[in-house]
Amino acid sequence: MDARTRAHYVERALWPIGKGDRNFWIAVVILSATVAAGIAAWIYQLQNGLWVTGLNQKVSWGFYIINCVFFIGISYGGAITSAILRLTNAKWRAPLTRLAEATAVAALLVGAVYPIIDLGRPDRFLNVIRYAQVGSPIVWDLVAIGTYTVASFIFLYLPLIPDLAVAREALGGRRRVLSPLYRILALGWRGTPPQHRALARGIGIMAVLIIPLAVSVHSVLAWLFAVTVRAEWHSTIFAPLFVLGAMFSGVAAVILVIAALRRVYGLEAFITAKHFRYLSYLLVALGLAYVYFMVSEYLTEGYVFAENTTPVLESLFTGAYAPAFWTFSIGGLVLPIALAAMPGRFPIARASIASLLVVAGMWLKRFLIVVPGMANPIVPWDWGRYQPTWVEIAITAGSAAAIPLMLIVFFRFFPVMSIHEMDEVEGTHEVAVTRRAPAFAGGED
Amino acid sequence: MRRPGIALIATLALTLTFGNVALADHVKAICEVTATASAKLEKGYVLNVRLRTADGKPVNEATVRFYEKVELFGDREMYIGSATTDGQGDTSFTYLPARLGTHEIVARSARKDHFIGSEGRTTFEATVAARAYRPEPAPLAAFSAAVPFGVGALVLAVWALLAFAILGTARGILRSGRDLAPQKEEGVS
């Protein structure tokens with residue numbers, strides 16, 4: 001990368017910092033209003049109790065648990081995309097990793113709140129800690145999500161250190177308020193070889209660690225379902241299916257975020273059609289793997305047609321939930337995979353549309369896991385019914401708006417693309433290390 | 001307007017006439033319940049029921065269901081068992097309560113032939129109760145008990161790695177930065 005291109009890259013990476021143009025404020029107002037509506041709905045629920053939701057005695061898990069699984073899944077996709085690109089030392093990763101890591105943190109913060117919302121009484125959340133049962137998946141869920149949250153913040157922060165030093169220098173006195181913050185967070189970064197080594201080691205550890213952590217979080221979430229005796233949930237394939245579903249929807253969400261912010265921040269010169277093609281390949285691979293897992297699950301259960309699973313399978317394939325199931329199968333799986341795999345023109349538009357379908361489809365899939373599984377009675381009762389109320393819809397919309405809001409606010413203070421990483425992969429900046437960092441640490445192999 | 005009124009009066013008259021005849025055919029049974037301690041106290045308490053008509057005739061072959069009044073999200077009746085009356089209209093049921101203290105029992109006979117169902121109540125003070133249920137150890141219980149500790153150790157190891165990643169990196173960067181501090185500040189890379 002020549003000096004001019006690098007200067008352009010740095011300028012674009014730092015461009016959003018402190019920029020508060022009209023579009024920014026319009027976006028902030030709209031997103032904040034949606035978030036505020038969600039918070040108001042939650043306060044209404046706190047005042048009146050869970051009866052204001054569609055949750056009931058038979059179907060006590062609904063939108064909140066669906067959203068918890070969905071948003072944490074998206075977070076997982078963001079983290080895993082960045083980690084895989086780092087571990088495989090993909091040269092094209094530099095402009096994407098920051099966006100993926102920030103998406104991971106934002107989605108995680110939203111997803112992690114949902115179990116508390118679902119409790120109805122947030123103060124009772126402390127009971128999970130006060131009366132912890134080590135044999136309970138809920139306790140381990142808390143541990144896994146807590147650990148993963150800390151890891152995600154570290155994974156976002158470490159690659160940010162050199163960029164903060166660059167931002168500190170590049171912005172100079174222009175951003176007097178931010179300079180002290182950058183100085184503290186940059187930890188006195190000067191780009192010396194020992195500093196590069198220390199950073200490469202830290203990022204390397206995190207890139208390796210974040211994958212099993214994310215897998216564990218989603219596996220424990222899956223076991224919350226699978227260790228019950230409910231027909232649709234009691235499945236050995238649930239944990240890998242959840243992990244794969246999380247990766248699939250997460251990569252799709254990252255594509256959407258990248259496609260949107262690329263335009264908003266004018267990153268077209270650096271995030272090109274090539275990036276979308278590569279991410280589409282990843283999406284196709286994950287989608288096909290998900291199809292395989294799903295077929296394997298339904299084939300195994302459908303072939304046996306055990307007495308307790310039959311009603312759920314019938315409701316999914318031909319019964320009350322069939323429209324949602326086939327919408328997901330065709331609109332959320334087959335169609336986006338075909339769109340993303342198709343060679344030819346408009347790769348960005350195709351990847352974006354495919355991702356949108358995947359994100360919507362995977363939310364629907366989580367609905368199809370949670371609601372019919374719970375509505376099917378385990379004692380000889382009638383099927384349960386679940387219809388979300390405006391409270392759940394408002395909270396869902398508010399939380400969905402919180403993710404882009406957090407992202408645009410975050411990128412108002414921190415570089416939107418990794419400058420350090422671009423220097424590293426493009427080789428403009430000669431890293432004078434006495435011992436080369438291994439490939440998993442982002443160094444040359 | 002007058003016809004529906006006539007029809008209504010006729011229906012009421014028929015119902016009262018034949019209804020009363022039908023009710024008159026049925027006899028109300030009286031259900032007396034008493035509770036006595038079992039000969040072997042550890043076996044619990046015998047709930048004796050005597051089911052008779054008002055004129056003292058026994059009601060035999062009638063099923064009597066026993067309930068205990070409990071407080072479970074409000075007042076409820078917990079079904080505890082049933083017994084059938086003999087030729088004398090008597091039956092009994094041995095009940096070992098789960099807790100000590102006062103127990104209120106309801107015995108209810110169902111409607112049978114021309115006898116209308118009835119119920120009786122009694123209260124007794126339990127001085128013996130069933131031993132607390134202790135489930136048998138689950139298969140692989142010893143292994144299951146050790147699993148949380150294993151997972152806990154793994155979680156601690158992960159936290160140690162996380163701490164090392166952030167603190168080690170920060171320390172490495174800060175130390176190198178301090179070493180350079182006396183020198184002229186170089187350009188940031």
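Colleague: Where does B:Leu140 lie?
Modeller: In this predicted model, B:Leu140 sits in the loop of chain B that runs between strand 8 (118-126) and helix 2 (141-180).

Colleague: What is the phi of B:Leu140?
Modeller: B:Leu140 is not a glycine, yet its phi is positive, about 60°. Most residues other than glycine have a negative phi.

Colleague: Is B:Leu140 buried or exposed?
Modeller: B:Leu140 counts as exposed, because it has 10 C-beta neighbours inside 10 Å and the cut-off for exposed is 12 or fewer.

Colleague: Turning to chain A, what is the phi of A:Phe305?
Modeller: The phi of A:Phe305 is positive, about 50°, although this residue is not a glycine.

Colleague: How many residues does helix 11 of chain A have, and what is its span?
Modeller: Helix 11 of chain A has 32 residues. From first C-alpha to last it reaches 46 Å, close to the 46 Å expected at 1.5 Å a residue.

Colleague: Which residues of helix 11 are buried?
Modeller: Among them are A:His275, A:Phe276, A:Leu283, A:Gly287 and A:Tyr290. The elements covering the buried residues of helix 11 include helix 4 (94-119), helix 10 (238-264), helix 13 and helix 14 of chain A.

Colleague: What is A:Leu283 in contact with?
Modeller: Beyond its neighbours within four places in sequence, A:Leu283 contacts A:Val251, A:Ala252, A:Ile255, A:Ala340, A:Ala354, A:Ser355 and A:Val358.

Colleague: How many residues has the largest nonpolar core?
Modeller: The largest nonpolar core has 143 residues. A:Leu283 is one of those with the most contacts inside it, as are A:Met206, A:Val217, A:Val251 and A:Ile255. Helix 10 of chain A gives the most to this core, with 18 residues. Another core, of 15 residues, lies apart from it and includes B:Leu47, B:Leu51, B:Val64 and B:Phe93.

Colleague: Back to chain B, then. How many helices and strands are there?
Modeller: Chain B has two helices and eight strands, and along the sequence these follow the pattern α-β-β-β-β-β-β-β-β-α. Of its 189 residues, 16% are buried. Among contacts in chain B with a separation of 6 or more, 58% are between residues 24 or more positions apart.

Colleague: In what order do the strands of the open sheet stand?
Modeller: The open sheet of four strands in chain B has the order 5-2-1-7, with mixed pairing. Strand 5 (90-95) and strand 7 (115-116) each have a single partner strand, so one side of each is left without a neighbour in the sheet.

Colleague: How many bridges join strand 2 to strand 5?
Modeller: Six bridges join strand 2 (residues 45-53) to strand 5 of chain B, and the two run antiparallel. B:Arg50 stands opposite B:Asp90, a residue of strand 5.

Technical notes. Residues are numbered from 1 along each chain as its sequence is written. Chains are lettered from A and ligands numbered from 1 in the order in which they are written. This is a predicted model: local features need pLDDT of at least 70, side-chain atom pairs count only at pLDDT 80 or more; totals for chains, interfaces and linings use all residues. A residue is buried if 20 or more other C-beta atoms lie within 10 Å of its own, exposed if 12 or fewer, and partly exposed in between; C-beta atoms are placed from the backbone. Two residues are in contact if their C-beta atoms, placed from the backbone, lie within 7 Å. The expected span of a helix is 1.5 Å times one less than its number of residues. A nonpolar core is a set of buried Ala, Val, Leu, Ile, Met, Phe, Trp, Tyr and Cys residues joined through C-beta atoms within 7 Å. Two strands pair if DSSP finds at least two bridges between them.
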